[in-house]
Structures are given as structure tokens and as C-alpha cells.
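Me: I am new to this structure and would like to learn how its descriptions follow from their cut-offs. Could you take me through some of them one by one?

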Amino acid sequence: MELNRRRFLGLTGAALGAGALGKPSRASAARAYQPPPDAYGCLVDLSVCVGCRKCEQACNQVNHLPEPERPFDDLTVLDDKRRPGPEAFTVINRYYTGRRDERNQMAPTFVKVQCMHCQDPACASACIVGALTKKPNGAVHYDVSKCIGCRYCMVACPFQIPAYEYHDPLTPRVRKCTFCFERISQAGGKPGCAQVCPVEAITFGKRSELIKLAKQKMADDPGRYQPQVYGEKEVGGTSWLYISREPFAKVGFLKLPSQPMPHLTETIQHGIFSYMWAPLSLFALLGGAMAVFNRKRDQGEDRS
Amino acid sequence: MSARRKKFLTVWLVGVLVGLGLVLYAYQGPVAATPAAPAAPKPFDPVAAAKKWQQPPPPPPPKVNPDGTPWVPVDQVAALKRAHEVPPLVVKTLEETQRERRLRLGDKMPKMADMKYPYLVLDNPMVNKEGDLYEAVRFMHKKHAAVLEGQCFTCHHAKPAAKDASETTRCVACHQSSFNPELPGRLGLKAALHRQCMGCHEKRKQGPVGCTDCHAKKVPDHRKLVKLPDKPGPLEVTKECLRCHQDAANHLQSAAHWQWKGPSPFTVNGEKRIDMGKATNTINNFCVALPSNWPRCTSCHAGYGWSNAEFDFNDQSRMDCLVCHDTTGTYSKVPTAAGWPFLELDFKKIAQSVGHPSRKNCGDCHFQGGGGDAVKHGDMNGILYYPSKSCDVHMGGMDFACQECHKTRNHKISGRSLSLPVAEGSRTCQDCHTNKPHNGNSLLDHHLNRHVEHLFCVTCHSPVYAKCRATKTWWDWSKAGRKERKPKKDRYGMPDYDWKKGEFLWKESMKPAYAWYNGKVERVLLGDKIDTSKVVDITKPVGGFRDPASRIYPFKLMEGKQAADAVNKLLLVPHLYGPGGFWATIGKTKTPVPDKVIDQAWNKAFVKGMAESIKVNPNNKGLKPYSGQYQWVQTRMYWGLTHETMPAKAALGCAQCHESLAKDKTCCRCHKDERHVDFKKLAHRGTDFEWMKKQGRDVHELIGKTDYLNFKALGYKGDPIVYGGRLKKLPLASTIDRECK
């Protein structure tokens with residue numbers, strides 16, 4: 001069958017008409033995603049953490065990470081601000097916010113940093129092969145067998161958590177906190193860091209319960225906490241939640257919108273592709289341009 | 001002979017001659033050397049020394065009581081058993097404020113006297129499941145209650161809702177495993193303990209908050225970490241240890257156990273010096289001093305091969321890690337091999353099972369001081385490997401390792417002694433037991449706590465020393481050398497004579513000498529002038545009746561006779577051990593040994609001993625070479641007694657020192673007679689020497705003794721209850737004749 005211009009335009013029109021007949025709702029076309037309702041979470045009480053780095057040590061052990069350069073009982077590493085990396089899925093940072101203790105000494109606030117396991121993870125949204133997925137138990141899980149190493153997740157993460165094994169040229173992986181996926185999938189399993197914490201600065205449980213617990217703690221001791229559960233609303237909610245004595249902005253937490261990151265990106269992206277309007281208009285534009293130019297050429301030929 | 005043959009022979013001869021000439025020209029051996037030059041000293045041969053010793057490495061001390069039954073640290077085992085119980089979980093607690101609770105209880109508030117468990121171990125399998133990095137914590141329950149002045153509710157913050165539940169229900173009843181979904185917000189046991197302890201310590205600004213201040217770190221399994229070939233030597237082991245523990249070597253390098261000298265803050269006129277110690281200038285009245293006797297003395301050095309004055313203390317490869325960190329109990333040093341161990345030991349196995357030191361590691365040297373078990377220290381001997389509770393309440397009852405009191409940081413071990421100037425920190429009983437250690441909150445405790453200002457704890461809490469094994473109290477070197485004299489066994493089975501060493505006296509269960517002591521020590525060191533006409537105090541505690549910093553301390557008095565330079569008036573160092581030493585010279589002589597030979601042997605020993613002493617103390621102006629004339633002087637050393645504390649009920653009682661309380665009239669002179677307290681019983685109970693005698697202890701002289709301390713000798717007019725104390729007079733003399741009732 002010969003496809004001439006007339007026929008092509010006709011077919012396009014038919015397709016457009018068929019698309020318009022479906023009339024799906026715009027929002028659901030962009031965001032059909034629902035966070036897992038029964039997810040686990042961890043509530044970190046920064047006013048309790050003593051900065052002992054046992055969570056780092058436990059994380060290292062349960063994930064079989066390489067021996068650190070400086071031992072875990074060396075607390076001088078806290079002098080620098082660190083980020084999680086391919087060899088440490090969680091780190092403790094120390095902040096001096098100006099608060100003074102009863103001895104008039106600068107009181108430190110220790111902040112545990114790791115993957116927040118977003119309810120609506122941007123990394124999973126950005127991953128083009130589905131290597132990163134939000135699991136029903138709350139973990140944002142990384143499947144190395146699917147990963148192609150594009151590192152879109154690293155760009156996408158609002159907390160800049162995923163790290164890449166740049167030192168490994170052949171089989172590099174994206175590394176980040178696993179939420180001890182295997183451990184918490186078992187009955188009674190706890191994440192390594194939460195289990196080892198000597199003061200239970202980390203409480204492990206159902207996310208919904210933890211939010212209740214956090215609110216309860218605030219109600220019981222309002223002077224002790226900022227009236228905010230960090231992670232309850234940030235980027236649509238995270239499985240890891242924080243409560244703090246100090247303003248979150250002072251202890252290294254980013255101010256983030258309550259809308260999940262994928263909401264914007266996926267809306268744009270899905271919007272572009274809904275009803276195929278974007279490619280269709282592109283082809284229509286190209287077709288129109290071609291038509292105009294061809295006509296001009298035809299006319300020119302005629303003139304010559 | 002053909003011409004050709006002649007030519008060949010000539011050439012051959014010339015060649016040989018030229019060759020010989022060249023060889024002679026090059027050779028500059030004994031012909032060139034001066035005959036007077038001494039031959040270079042032979043390097044110390046540990047293999048030969050071990051062979052000469054002829055005995056196999058000793059087996060680990062058996063973990064049994066003297067009667068052969070298995071040894072059990074009773075208090076520790078009981079506390080651990082209790083700690084490992086898991087009672088049913090308390091779900092509901094009574095909802096009330098502390099004020100409501102006090103109102104509810106009224107007079108029924110729990111009291112100190114209600115406390116059932118004065119000693120606890122904070123341990124539970126539930127906690128260990130959640131992380132097993134540290135050892136369990138010993139917890140002085142009663143002491144904490146005393147410090148909190150009986151405010152039990154500071155820790156026991158809630159009562160279970162059940163009516164019959166105790167007001168002081170234990171932690172584990174409510175706090176069990178963490179993150180129980182049924183009880184959101186309820187802390188697990190581990191967190192509850194940590195928060196309670198650390199929170200309170202921080203709030204009250206007292207008590208430890210660091211991990212290793214309460215816990216000992218668990219040593220990781222070294223079986224996979226230690227990589228050694230089969231049958232490694234000791235030096236290979238050290239190299240392997242330092243591969244990971246270079247810091248430890250750096251720390252040990254400046255530590256007393258390696259240097260055998262160091263800071264001496266408690267020595268009079270030595271407060272700023274760092275050069276004093278066994279390595280250089282200390283002297284005693286046992287085997288006298290180190291110089292010239294190295295290989296024998298340094299068998300207790302935490303290093304290998306300190307056999308002469310030239311030992312290199314910067315050579316970390318010579319450090320002996322295993323002597324302190326072996327946990328197999330098999331590691332052992334040859335007693336005469338300059339610190340080298342028995343080379344037939346399985347060093348690989350030992351290196352792979354390293355851990356924290358135990359009483360065995362420390363004891364192998366510190367119990368054996370002076371050349372044998374119990375010789376030197378009056379309060380430390382082989383009994384303490386596995387002592388009974390009645391012998392030492394800490395080590396026997398609760399299985400304390402040495403470093404639990406002698407806190408160690410960076411291989412610097414705290415603690416001090418009278419015998420040696422080096423101190424890397426100081427420890428006292430009060431560090432744990434506080435200045436008010438008698439915390440029963442009773443009438444008697446008030447009086448006992450006032451004793452703390454004037455008495456060191458051990459003075460009452462261990463009224464005899466060398467309780468279970470006789471220690472040497474007299475050593476007369478002037479009698480040495482008589483090979484013909486047959487040693488006799490005394491009533492403890494100890495020999496009264498050894499031709500190598502002289503005459504001895506031994507004593508078991510000895511009443512200490514008491515003296516005022518403020519922590520400072522006067523010492524006679526190598527090169528110090530002495531008065532040879534008097535008894536020379538080599539170490540002497542400083543203190544006095546009027547000195548508020550002084551307290552009455554118990555001491556072992558070690559007396560003996562040793563040699564002094566009759567001209568230079570210096571204590572002499574004899575060269576005893578090794579070729580040319582006193583022992584070797586006499587050993588070669590036929591029995592009976594003539595006086596002249598002994599005299600000559602001594603002279604030879606002193607020449608070498610003093611020469612080597614000068615070598616290791618080049619800046620000591622007082623040291624002089626041996627003059628050629630020696631004399632025997634009587635010397636005395638005070639040895640502090642700090643170990644072998646007995647259970648509280650075995651401490652000296654009131655009436656055993658205070659004669660004024662020995663009869664019928666006791667507390668009632670000042671206090672109204674109270675029906676529920678038997679004053680006489682209170683004042684008259686104390687150390688039960690009758691019981692000790694029945695146990696086979698040599699204490700018959702001490703039974704029924706009053707004025708145990710001898711107040712007059714200490715500077716009091718008499719019993720302080722009657723005549724008043726040293727710093728203030730109590731108005732008690734007037735009441736002394738008051739009638740009771």
C-alpha cells in the first residue's frame with residue numbers, strides 16, 4: 001500500500017479521534033502510584049542519640065562491608081561531615097547548633113544519615129529498568145541483576161543517597177542502605193542499626209505507629225522536640241522518620257516540598273506522552289513544515 | 001729433569017710464594033690485635049638458657065579449690081544466674097506520678113535495709129542477641145542506692161499494675177526485647193539500662209558515660225585474623241601482632257612494663273624524675289638489683305632478650321605481647337632466659353587465642369616476685385589464681401581480673417607500690433566504694449565511715465596478710481655460700497636456708513605492721529649514702545599522726561641483711577646470676593666452701609655488680625665502683641598491703657582495736673540503750689580468728705587480741721575513744737565511766 005500524504009494525514013486523524021474517545025482522567029494517567037500501606041519504618045530520636053557509631057558498625061557487619069579505614073570506636077571521625085558511600089550505608093554526623101548543656105558546654109547533636117526509603121521514591125521512578133522498587137515492607141530495594149549502571153537514581157534522589165562503586169570498573173553497583181530488606185522480611189527481624197543501638201535512638205516498627213509514637217513523644221515532652229516529624233510529609237513521606245530537639249535546618253536536613261519528587265517528573269513525562277499528543281504534534285509540526293517547504297520548492301520549480 | 005719441567009716448577013714456586021705473601025699481607029688477625037682487648041660479648045642464646053633450665057613449661061594453674069573441688073566464684077555465679085532469668089513481661093504499670101506514689105506508700109517506702117541483692121551483673125541473653133560487642137557490667141547495687149540516699153524510685157521508676165507486685169520490680173520485668181509492637185514506646189532492656197545509667201550519670205555529673213568505662217570490650221576471634229606460618233617463633237608473633245596493633249606497640253614503648261622505669265610522682269625528691277625504676281636504680285632486700293643479673297631478673301620483662309645493659313628499648317620487634325594477652329594459660333617464660341619463652345610452645349595457637357589479661361597473665365610475674373611464689377608480696381601469691389571468697393572477696397567472690405581495678409589506658413596500668421617508684425596512675429578502694437563505703441545507713445555505719453579519714457580500708461578489711469601461703473619476712477645474705485648447710489623445713493614447709501641466697505624466715509597469716517602513710521615514699525636508691533650503723537630503710541612510707549593526709553596503712557615489713565660498701569657507704573649490687581657471678585663461683589667450689597672463697601666470690605660479684613650499675617646509671621654521681629671492702633647491714637622495706645580483702649563480716653570489729661569497748665560497757669555510754677540493737681554484739685563481732693585457726697591458719701597469737709593496731713605506737717595517747725582522736729578531741733573521756741541502763 002502506498003502511503004501518500006493524504007493517506008498519512010487521514011490515519012493520524014483517525015488515531016487522534018480514537019485516543020480522544022477513551023478520555024482517561026489526567027491525574028491517574030500521570031500518577032497511578034500508591035505508597036505501601038503497611039510499610040515498616042524507623043523513628044530516629046536525635047535528642048537521644050549519643051553518637052557512639054555502633055549503628056555504623058552494625059551496618060558494616062550485617063551488610064558485609066569492607067573494614068573501615070579508621071575503627072568504629074574512633075569518634076574523631078565525627079569532626080568531619082561525612083556522607084554515606086559505597087562502603088558505608090549509614091554515617092553519623094555531629095552538629096553543634098549553639099545549644100549548651102548543664103555544664104555550659106556546647107551540646108552536640110548527632111544525626112544519622114542513610115537512605116530515607118521514601119514512600120514514593122524518586123530513584124525508583126527514575127530507574128529505567130526497574131532495578132529500584134519500593135517493597136510492601138517499606139524498603140526501597142535495589143536489584144543488582146537489573147541495574148545497567150546509568151546512575152539516574154543518583155541524580156534523582158533528593159537526599160543524594162545512592163552511591164556508585166566507581167572504583168570497580170567491571171561490575172560496579174549502586175550502593176545504599178537496604179533497610180536490611182532480608183532481615184526485616186523475616187518475622188521479628190530488625191534492621192542492624194536499630195537492633196544494636198544502645199539507647200534505642202532508633203525505633204523500628206510500622207510507619208503509621210511510629211508517627212503516632214512521635215506525636216505522643218512530642219505531646220509528653222513538648223519542650224524537648226521541634227513540632228515536626230521530619231519524613232512524615234517530606235517528599236510525600238519517608239519510611240525513616242526523625243524527631244529532633246534542634247531545628248532540622250540546623251542539623252543538616254534539607255527543606256523539601258511535601259509533594260513526592262516523582263509527582264512533578266512523572267506528571268511532566270506522562271503528560272508528554274498521554275494520548276501520544278506530544279509525538280503526534282511533533283510529527284504534525286514536522287509534517288506541516290515539510291508540506292510548506294515542499295510547496296515552496298514545488299512552486300520554485302514551477303517558476304524556474 | 002728436563003728444562004721444560006724446571007721452568008714449570010720455577011713458575012709454580014714463584015706463584016705459590018706470591019700467593020702466600022698476599023695472604024699474609026691481607027691477614028691482620030691475632031698478630032695485629034692487642035692481646036688486652038676483650039672479646040666481643042656473645043649474644044644471649046635463649047635456646048641454651050632453656051636447655052640449661054632443664055624443666056618443661058609449667059602447666060596452667062588448676063581451677064580447683066585447695067580441697068580439689070572445682071573453683072567457683074560464688075557471688076559472680078549467683079549474680080549471673082539472676083541476671084539471666086527472664087520473668088514474665090509486665091504489660092501494665094500503675095499510672096501515677098512520683099508524688100502520688102510517695103503519698104500512696106507513706107511509711108512503706110522501700111529502704112536500704114530491704115535490699116536483697118547488693119551486687120548485680122547487668123547481663124541478659126536478650127541483650128546479647130542484639131549486639132555482643134562488650135562484656136557484661138558489674139553493678140554495685142547497694143552502693144548506687146547509698147549514693148542516691150536510698151531513693152530507690154530514681155531507678156525503679158514505675159510499679160507494675162498488679163497489686164502484689166514489688167515496688168522495686170527489676171528492670172527486666174518491664175523492659176525486655178526491643179520494638180515490641182504490642183507496646184510501642186516501651187524500651188528494650190538494653191536501651192533501658194543504658195538510658196538509665198548514662199542519663200543519671202550525666203545529670204548528676206558523676207559516674208562513667210563512655211562505653212569502655214563500664215564495659216570491657218570483647219576481643220574478636222583472632223583465629224582468622226592472625227596469619228602465621230606453622231611453628232612460628234616469638235619474634236614472628238610480635239611482628240604479626242604489630243601488623244594491626246602498631247598503636248599498642250607505640251604505647252607500650254613508653255610504658256612501665258616495657259621500660260621498667262618511668263614517672264615517680266610519689267617518691268620524695270623524685271616527683272619530677274622519670275628515670276627511676278628497676279631498669280636503673282632501685283634496690284631491694286630480696287635479690288638486690290637488676291644490673292649484672294639481667295637474664296634471671298628480666299625473665300619477667302614484657303620483652304625478649306634483655307640480657308645486658310645494651311638492650312635496645314626502641315626495638316619494638318622485641319616486645320612480648322603474649323605474656324599479658326595469652327588466654328590459653330600455656331604461655332610461659334624460661335625463668336633464666338632474659339624474657340624468652342619456652343620455645344617448644346605452640347605460639348601459633350597462643351597468638352590465635354589472645355584476649356584480655358587474666359589473673360594468670362599478671363600473676364605469673366607479680367605473684368612470683370623475688371624468685372618464687374609468695375616470696376615478695378605479702379598480699380599476692382599463687383593462691384590468687386583461684387582464691388576462695390574468704391581469701392579475696394573481689395577475685396574469689398566475683399572473679400575480678402587485675403585490670404578491673406588497675407584501670408589501663410594505652411598500656412599504662414594504674415596503680416602504685418611502695419617497692420617501686422614507677423606509677424602510671426593511682427587507684428584506691430574509694431574510687432569504687434566512695435568515701436562513705438559503709439552504706440547500710442545504720443548507727444554503726446556512721447562510725448565506720450568516720451574511720452575512712454584515718455584508716456586505709458585494708459587495715460580493717462584484711463587483718464592478716466599472706467593469709468593462705470607463707471611469705472618471706474627475713475632474708476640474710478650474709479649466711480649465703482655454705483653449701484654444706486642442710487636446709488630445714490619450717491612449720492609451713494618452707495626452707496630456712498639456700499646456699500645461693502642465705503637464711504630466711506617465712507610467715508603465714510601475719511599481722512601487718514601499721515604506720516601512717518600519706519602516699520609518699522622515701523627510698524634508698526643506688527648511689528644513695530647510707531648510715532651503715534643503723535637499720536637502713538630502703539623504702540619507708542611518709543606520714544604522721546598530725547598529718548591530715550595520712551592514714552593508717554598495713555604493711556609487710558621485709559627485713560634482712562645485705563652488703564654495703566664499707567668505704568663508700570653505699571648499698572652494693574652483687575653479680576649473682578651468670579658466668580663469673582657469686583652463684584657460679586660458689587657452685588664450682590667443693591663442699592665445704594672455705595670462708596676465703598666465699599669472701600673472694602663476694603668481692604668479685606660486687607666489682608662486676610657495681611660496674612654494671614654505673615653503666616646503666618651514667619649520670620648518677622653518687623655511684624662509685626666497689627671499694628674492695630664490704631660489710632653486712634640490716635635493711636628494711638615496707639611493702640604495702642592492698643589485696644586479699646576479706647568479706648565485710650571478717651573485718652576487724654570495734655572491740656578488737658578499741659579496748660574501751662572490749663568489756664560490757666559499749667555504745668550505751670553515749671547512746672540510749674535501744675531494745676532492738678544489741679550493742680555488745682555489735683561492738684564485739686569482728687574477725688573470727690578462732691574460725692581462721694580451724695581453717696588451718698597460723699593465727700593462734702591473734703585470738704582474743706584487743707588494741708590490734710597498737711594506738712600508742714601510732715602516736716595516740718591510747719584508745720581514741722577515751723583519749724580523743726588525732727585531729728580533734730571527742731568529749732568521750734567524760735562519758736567513759738557512765739553507767740549503762
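**From values to names**

Me: Why is B:Arg138 called partly exposed?

Reply: B:Arg138 has a relative accessible area of 23%, and the rule calls a residue buried under 20%, exposed over 50% and partly exposed in between, using a 1.4 Å probe and protein chains only; B:Arg138 is therefore partly exposed. This is a predicted model, in which local features need pLDDT of at least 70 and side-chain atom pairs count only at pLDDT 80 or more, while totals for chains, interfaces and linings use all residues, and side-chain values use heavy atoms, with hydrogens and water left out. Residues are numbered from 1 along each chain as its sequence is written, with chains lettered from A and ligands numbered from 1 in the order in which they are written.

Me: What makes the pair of B:Arg138 and B:Glu404 a salt bridge?

Reply: The closest N and O atoms of B:Arg138 and B:Glu404 are 2.4 Å apart, and a salt bridge is a side-chain nitrogen of Lys or Arg within 4 Å of a carboxyl oxygen of Asp or Glu, so the pair meets the rule. B:Arg138 lies in strand β2 (residues 137-140) and B:Glu404 in helix α18 (residues 402-405), both of chain B, so the pair ties together parts that are 266 residues apart in sequence. Helices (H or I, at least four residues) and strands (E, at least two) are DSSP runs, numbered from the N terminus. B:Glu404, at 27% relative accessible area, is partly exposed.

Me: How do you know that the charged end of B:Arg138 sits over the ring of B:Phe400?

Reply: The charged end of B:Arg138 is 4.1 Å from the centre of that ring, whereas the rule asks for NZ of Lys or CZ of Arg within 6 Å of the ring centre and within 35 degrees of the ring normal.

Me: Why is the aromatic pair of B:Trp516 and B:Tyr716 called tilted?

Reply: The structure holds 42 aromatic pairs over all chains, and in this one B:Trp516 and B:Tyr716 are 6.0 Å apart centre to centre, with 40° between the planes. Rings of Phe, Tyr and Trp (its six-membered ring) pair if their centres lie within 6.5 Å, and planes under 30 degrees apart count as stacked, over 60 as edge-to-face and the rest as tilted, so this pair is tilted. B:Trp516 lies in strand β8 (residues 513-517) and B:Tyr716 in the loop between α26 (689-694) and α27 (720-723) of chain B, so the pair ties together parts that are 200 residues apart in sequence. B:Trp516 is buried at 7% relative accessible area, and B:Tyr716 counts as buried at 9%.

Me: What makes the pair of B:Trp602 and B:Trp632 edge-to-face?

Reply: The ring centres of B:Trp602 and B:Trp632 are 5.4 Å apart, and the angle between the planes is 75°, so the pair falls in the edge-to-face class. B:Trp602 is in helix α23 (residues 595-616) and B:Trp632 in strand β13 (residues 630-640) of chain B, so parts 30 residues apart in sequence are tied together. B:Trp602 is buried, with a relative accessible area of 1%, whereas B:Trp632 is partly exposed at 26%.
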